[in-house]
Amino acid sequence: MPDPERPEPAGYDPVGPRPKEAVSPTGQGGPMDLALDEAESVEGIEKTAGPGASGPRERARSLWSDAWHQLRRNPVFIVSAALILFLVLIAIWPQLIASGDPLQCDLSKSQQGSAPGHPFGYDTQGCDVYTRTVYGARASITVGVCATLGAALLGSALGGLAGFFGGWGDSLLSRVADIFFGIPVVLGGLVFLSVVTSTTVWPVVGFIVLLGWPQIARIARGSVITAKQNDYVQAARALGAGNARMLLRHVAPNAVAPVIVVATIALGTYIALEATLSFLGVGLRPPTVSWGIDISNAASQIRNAPHMLLWPAGALSITVLAFIMLGDAVRDALDPKLR
Amino acid sequence: MAELSKTTTEREPILQVRNLVKHFPLTQGILFKKQVGAVKAVDGVSFDLYQGETLGIVGESGCGKSTVAKLLMNLERATAGEVFYKGQDITKLSGRALKAVRRNIQMVFQDPYTSLNPRMTVGDIIGETFEIHPEVAPKGDRRRKVQELLDVVPDLGLYINRYPHQFSGGQRQRIGIARGLALNPEIIICDEPVSALDVSVQAQVINLMEKLQDEFNLSYIFIAHDLSIVRHISDRVGVMYLGKMAEIGTDAQIYDHPTHPYTQALLSAVPVPDPEVRESRERIILTGDVPSPANPPSGCRFRTRCWKAQDKCSTEEPLLAVPERFKGQDTLAAHDSACHFAEEKAILAV
C-alpha cells in the first residue's frame, strides 16, 4: 500500500547535515549524544523511546509478540474474547446455565410470555425459549465458526497462491471461482443438501464453505497482488529470499487485513444462511436445536409473539458482534502504524 | 583527468555488462495470451564497473534506467545479453549459485516508504538478511551483527525495535542502506536512492554513501535523474536514452565536454542558480516527446528530436565508441559517444 508522505516527527530537524561527531558513531559517547539529540524528536511517538534511549539494548521483539501485547490491553478485544469464551462454553456445556430440556414441550403453553423459571417465554410448540436459545448456540456457533474458518483458510490459501504466482494457475482459479459464484445459494442448497441423509451440521458446513471460498479467494488474491508489488518484496528477493519466505513473511502479513474483515462479516451471514437452509428443510433438521431453525419458525409469528424471535435473534446478533469486534481488534493489532 | 580515464581502463572491471536487452512482451487476450509486440525497455546496453568507483546512470523517465538496475539484480530475467560478475555470467544463474552472487551485489531502493516492510521491526528487516544467508552470521551472533550495522549508519543504533513508520524518510533510507550493507557486498546498485527525499536530507544520505564507499571499498551504480547529484558522487557517468547508452565517460568528460546532442540538451536544462548566467546561456529545447519504446525510431533513437539529424541517422545506427574526429586526440572530448555527428558544444555545466 502506498504510504502518503508522512509528516516529520515533531522536533525532527532535517535541515543541514549533522555535526561531524554525531555522524561518527564510533566516537566516544556518540550514541549517547544521538540519543539526547533524538529523544526530543521521538517523544510521544512511542513508549519504548524511554527505555530505548536509557537502557542499553532491548530484547528482540516481533510483530506477533507486539500484537499480543497490544491485544491484551485493548478493551474491545477483552470484551469480545470474554463473550466468545462464554459462547463457546455454553455451546459445549449448555446444561451449565439451562437446566431444562429443549425438546420437552407443552403445547398448552404455546406462545405464552415469560413466566417464573421461564424468563424468555414459550414458542409455538410450547417449548422453553430460554433453554432452546442456550442449546441452539452449539449448532449455530459450530456452523458459523467452522464454515468461516473453512472458507477463510481455503479461500485465502488458493487466492493467495494464485495472486502470488499468477500465470495460468491464476486464470484457472479465477474462472473456477466465477463458476462457484454463479451457483444460486438457495437452489444450490436444495440440490446439494437434499441428497444428504446425515443429520449432523457437517454437510451444511461443507456446503457453506463450498459457496463461501470464492469470495475470500478474490479478496485474498487482490490484496496479495497489491502487497507483492511493494519494493520490500523486491528487496527480499534481491537478498535471495525464497518464495515461501516472501509469501509468509512479507506478503501474507500485509495482505491479511481485508481477509480478516470480510471473514468476520461473513460469519454472521453464514449463521443466517444456515437459518435459511433450515427454513427450507435442507439445513439442520429437528431434533437438532439451532437459532436458525427457531428464528425461521418465529419470523412468521412476529405479530403474535415477538419474544420468540427476539431472543434467538438477539443471541445471534451478539455472537456476530463479538466475532466482528475480535476481527477488528486483531486486524488493528497486526498494523504497527496504529499503535 | 585524461590520466584517470586511462587508469580506469587498465584496471580489471568487477562488473561487465554486454549488450543487455530486456523486452517486455505486449499481450492481447484474457485466457489465451497472444504476443502483439514488445516494449524495448533496455535494448543493447554495455558498460563496465570497476572496483571502488561510482558509475552514475542518468536519463529521463522511461529510458530504462530502473530496468537496468533490476536486470543487474536478476529481479528481471534479461531477454539477451550478459552481465559478468568477476568473469561469471550472472544472467543465466538460478538457485544456489544466484543466491551466492546476491551476497555480493545488493540494492538500495528508490522509495524508502515502500522498500521497508511496515510489519517488521528494523532489527527484523536487517536480521532477515542473516536468516537468508546463515553462513554470514551464526545464529547467536545475529543480533549483535544487526546492532553493529545500525551503529555504522548515523542515529539508528538505538531503535532496533522500532517499526519503519516511526522514522523519517531520510532515516528510512539509511535503514535501507544498512540492509544493503548487511551481507558485505562489493557492489551496491542504487536506484534513485535520494529522489524521494528532501534536498537537505539528500545531502546527508549522499555523504553517508560516500563515507561507506571509502570504508568498505564499495562499487556503486548510481541511477538518478538529478544531474548535479550524479556529478557530485560519480567517477564516471553514462547517459541513457530510450533503452540505449548515448554517451559514457568520466564526469569531467560528460559534464564539461559532452559530444552527444542529447547530453548537451540535458545539461542545458539543468537549473542554474545565478540569474545572470541563466540569462546568457544557451538553452537547447528539444521538440516533441520521447518516442514509444514499443516502436522506437530506426537508426539513431534520438534522431526524431535531434537538430543535427540527417538521412544517415535514420538508416545507420551509431555505435557507442570514441567518435572518429576525436580519435587519438588527447582531449576530454575523446570518449564513447553514440552519435554520427558528435562534436563539442559550449554548454554551461552543472
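Residues are numbered from 1 along each chain as its sequence is written, and chains are lettered from A and ligands numbered from 1 in the order in which they are written.

- Chain A has a mean pLDDT of 79, with 82% of its residues at 70 or more; pLDDT is the predictor's confidence in each residue, from 0 to 100.
- Where pLDDT is low, the predicted coordinates should not be read in detail.

**Chain B overall**

- Chain B has 12 helices and 11 strands; these are DSSP runs numbered from the N terminus, with helices (H or I) of at least four residues and strands (E) of at least two.
- The radius of gyration of chain B is 21 Å, close to the 20 Å that the globule rule gives for 350 residues, so chain B is as compact as a globular protein of that length. (The radius is taken over C-alpha atoms, and the rule is 2.2 Å times the number of residues to the power 0.38.)
- Its C-alpha atoms fill a box of roughly 65 × 60 × 40 Å along the principal axes.
- Of the 350 residues of chain B, 48% count as buried, meaning that 20 or more other C-beta atoms, placed from the backbone, lie within 10 Å of the residue's own.
- Take the chain B contacts between residues at least 6 apart in sequence: 66% of them join residues at least 24 apart. A contact means C-beta atoms, placed from the backbone, within 7 Å.

**The seven-stranded sheet of chain B**

- This open sheet runs S6-S7-S8-S3-S9-S10-S11 in chain B, with mixed pairing; strands pair if DSSP finds at least two bridges between them.
- Its edge strands are S6 (105-108) and S11 (336-337) of chain B, each pairing on one side only.
- S6(B) and S7 (residues 187-191) of chain B run parallel, joined by four bridges, and Met107(B) has Ile189(B) as its bridge partner.
- Beyond its neighbours within four places in sequence, Ile189(B) has contacts including Ala69(B), Leu72(B), Met107(B) and Ile221(B).

**The four-stranded sheet of chain B**

- The order here is S2-S1-S4-S5 in chain B, an open sheet with antiparallel pairing.
- S2 (34-50) and S5 of chain B are at the edges with a single partner strand each, so one side of each is left without a neighbour in the sheet.
- Five bridges hold S1 (residues 13-28) and S4 (residues 80-85) of chain B antiparallel, with Val17(B) opposite Val83(B).
- S4(B) also pairs with S5 (residues 88-89) of chain B over two bridges, and Tyr85(B) partners Gln88(B) there.
- In that hairpin, two residues sit between the strands, and Lys86(B) takes a positive phi near 50 degrees.

Note on methods
This is a predicted model: local features need pLDDT of at least 70, side-chain atom pairs count only at pLDDT 80 or more; totals for chains, interfaces and linings use all residues. A residue is buried if 20 or more other C-beta atoms lie within 10 Å of its own, exposed if 12 or fewer, and partly exposed in between; C-beta atoms are placed from the backbone. Two residues are in contact if their C-beta atoms, placed from the backbone, lie within 7 Å.
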